[in-house]
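Hi,

Here is the structure I promised to pass on. Have a look at it first, and then read my notes below.

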Amino acid sequence: MPITADEPPAIEFRNVFCRAGGREVLTDLNLQIARGETLILLGRSGSGKTTTLKLVNRLLEPLSGEIRVNGVSNQLDIIRLRRGIGYVIQEIGLFPHFTVQRNIGLVPRIEAWPEERIRARVQEMLQLVGLAPDVASRYPHQLSGGQRQRVGVARALAADPAILLMDEPFGALDPLTRDELQREFLALQRTLHKTVVFVTHDLHEALRLGTRIALMESGKLITVAAPHDFLRSTDPLASAYVRAFGDGLESALNRSTDDRGTS
Amino acid sequence: MNVARYILQNHVQVLELTWEHLWLVGLSTVFAMLVGIPLGILIAHRARFSKPVLAGANIIQTIPSLALFGFLLPVPWLGERADRLAILALTFYALLPIIRNTYTGIKGVDPAVLEAGRGMGLNESQLLLQVELPLAVSVILSGVRVALVISVGLATIAAAIGAGGLGEFIFRGLAMVDNRVILAGAIPAAILALTADLIIGWLEKRLRPS
């Protein structure tokens with residue numbers, strides 16, 4: 001998706017360096033993420049993809065450089081910034097002592113929406129992620145992994161943020177459930193057009209869900225490419241990835257276009 | 001049975017002293033919670049305070065109780081009334097289990113849950129009140145339970161400085177070499193300890209996050 005000249009990118013990294021635990025975890029990151037696109041951060045553990053994600057909602061602070069969200073850098077009110085950004089991590093991020101209703105209604109409640117509106121919104125969200133209305137009264141431990149993950153997505157979307165950060169959200173799921181959720185994710189994106197930053201180490205997932213893939217290694221951004229171009233990339237690391245995942249990658253791409261319902 | 005008859009004959013005084021005992025234990029535990037829970041929260045969030053605070057509470061625990069009562073006797077306002085003094089001493093002893101369990105309970109909250117909360121825009125006090133404390137509450141309560149049971153036993157010694165409570169029977173019985181009198185203090189004290197244990201245990205189960 002091309003970046004239009006008249007509006008700023010949803011997220012922009014400019015010369016960002018980040019240190020954690022005495023070592024450099026991000027080196028000179030420059031990256032623009034356009035409104036409505038799904039940018040995949042792909043790389044192995046420790047490559048800096050989660051760091052990049054957490055810089056967006058300021059769970060981490062950069063050593064130097066600039067991160068602009070909606071054209072604004074260094075928003076002073078971090079809490080406000082975060083409430084405008086959905087955040088999904090692996091299923092353990094749900095509050096175990098809250099019902100599904102309260103988990104999904106979390107941000108609306110702290111934003112002091114009226115109770116009626118929260119309830120309606122929770123039901124709307126449950127329907128959106130394909131869960132039955134009666135799930136609302138259950139606790140996370142009473143749900144399956146796939147259901148929990150759906151609740152996580154519903155919670156992130158509840159206050160209708162323009163940006164969604166997803167940190168290996170489907171990583172802990174069995175292949176069938178993962179496939180299902182990936183398909184639903186694409187269907188959701190087709191209607192919601194959120195700006196999504198999605199961390200994964202699974203190339204299949206990256207090709208299927210992403211509009212662009214940013215490959216990272218040792219804190220550096222190696223290359224950014226659309227899925228089709230990624231498969232044909234001459235970059236040694238990208239082609240190593242493609243080789244490692246072997247056959248069937250083209251089919252991931254095809255499936256993705258089928259699911260998107262576009263050519 | 002002799003003891004039963006003795007207790008029945010003196011039931012007014014037994015009830016009175018039990019009430020006094022309950023007062024000493026209850027008030028000191030409430031004070032210890034008011035001080036200990038915030039301290040526990042503080043040291044769970046500020047690691048550099050955790051060692052000195054826990055060490056301090058540990059040291060208090062090692063002072064023999066009779067000696068502590070004695071130390072506090074010359075303190076101006078406190079020394080005037082034995083019950084004030086006893087309540088302060090009992091508060092000191094109840095601190096360690098409450099601080100330590102608050103600390104442990106909050107430290108035990110899954111960091112992923114906290115990070116999710118923070119990432120969604122909860123501020124620090126919302127995180128504390130809506131996430132950390134509810135998830136730590138059963139661990140904190142089990143600290144209160146330990147503190148209560150210790151206090152019920154310890155409060156019997158407060159009678160030595162004239163603070164009242166069921167210890168009066170025990171000391172009197174010791175002086176009279178009469179087991180019936182000792183038991184008239186010891187049995188209600190044991191019942192108090194068991195009841196407190198049961199009630200808090202029940203609360204703990206009810207409030208434990210599923």
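What percentage of the residues of chain B count as buried? Of its 210 residues, 41% do. Keep in mind as you read that this is a predicted model.

Let's stay with chain B for a moment. If you take the contacts in chain B with a separation of 6 or more, 74% of them join residues 24 or more positions apart.

The axes of helix α3 (residues 47-62) and α6 of chain B come within 8 Å and cross at roughly 145 degrees, and the crossing of α3(B) and α6(B) is left-handed. On the α3(B) side, the residues making the contact are B:S50, B:V53, B:L54, B:A57, B:N58, B:I60 and B:Q61. On the α6(B) side, they are B:F92, B:Y93, B:L95, B:L96, B:I99, B:R100 and B:Y103. Sorted by kind, the residues of this contact are 10 nonpolar, three polar and one charged.

Now for the core. The largest nonpolar core has 127 residues, and A:L41, A:V197, A:A214 and B:L90 are the ones with the most contacts inside it. Which helix gives the most to this core? That is helix α6 (residues 82-107) of chain B, with 14 residues. Domain 1 (1-84 + 163-254) and domain 2 (95-161) of chain A both give residues to this core too, so the core lies between them.

Setting aside neighbours within four places in sequence, A:L41 is in contact with A:K49, A:T52, A:L53, A:V197, A:F198, A:V199, A:A214 and A:M216.

On to the two domains of chain A. Their C-alpha centres lie 25 Å apart, and 13 residues of domain 1 are in contact with 11 residues of domain 2. On the domain 1 side, β7 (163-167) and α7 (175-192) of chain A each supply at least two residues, with the largest share, five residues, coming from α7(A). That side of domain 1 divides into eight nonpolar, two polar and three charged residues.

The two chains meet as well: 17 residues of chain A are in contact with 17 residues of chain B. On the chain A side, α2 (78-83) and α4 (106-110) each supply at least two residues. The residues on that side of chain A are 11 nonpolar, four polar and two charged.

You'll find it in the loop between α1 (49-56) and β4 (64-69) of chain A. Is A:P62 buried or exposed? A:P62 is buried, because 20 other C-beta atoms lie within 10 Å, and 20 or more is what it takes to count as buried. Not counting residues up to four places away in sequence, A:P62 touches A:V16, A:F17, A:C18, A:L55 and A:I67. A:T52 is 10 residues away from A:P62 along the chain, and their C-alpha atoms are separated by 9.5 Å.

Happy browsing!

How values were computed. Residues numbered from 1 in each chain as written. Chains lettered and ligands numbered in written order. Predicted model: local features only at pLDDT ≥ 70, side-chain atom pairs only at ≥ 80, totals over all residues. Core = buried A, V, L, I, M, F, W, Y, C linked by C-beta atoms within 7 Å. Buried ≥ 20, exposed ≤ 12 C-beta atoms within 10 Å, placed from the backbone. Helix = DSSP H or I, 4+ residues; strand = E, 2+ residues; numbered from the N terminus. Domains from an automatic or database assignment. Contact = placed C-beta atoms within 7 Å. Nonpolar A, V, L, I, M, F, W, Y, C, P; charged D, E, K, R; others polar. Axes fitted to C-alpha atoms, helices over the stretch in contact; angles between N-to-C directions. Left-handed = near helix turned anticlockwise from the far one by under 90°.
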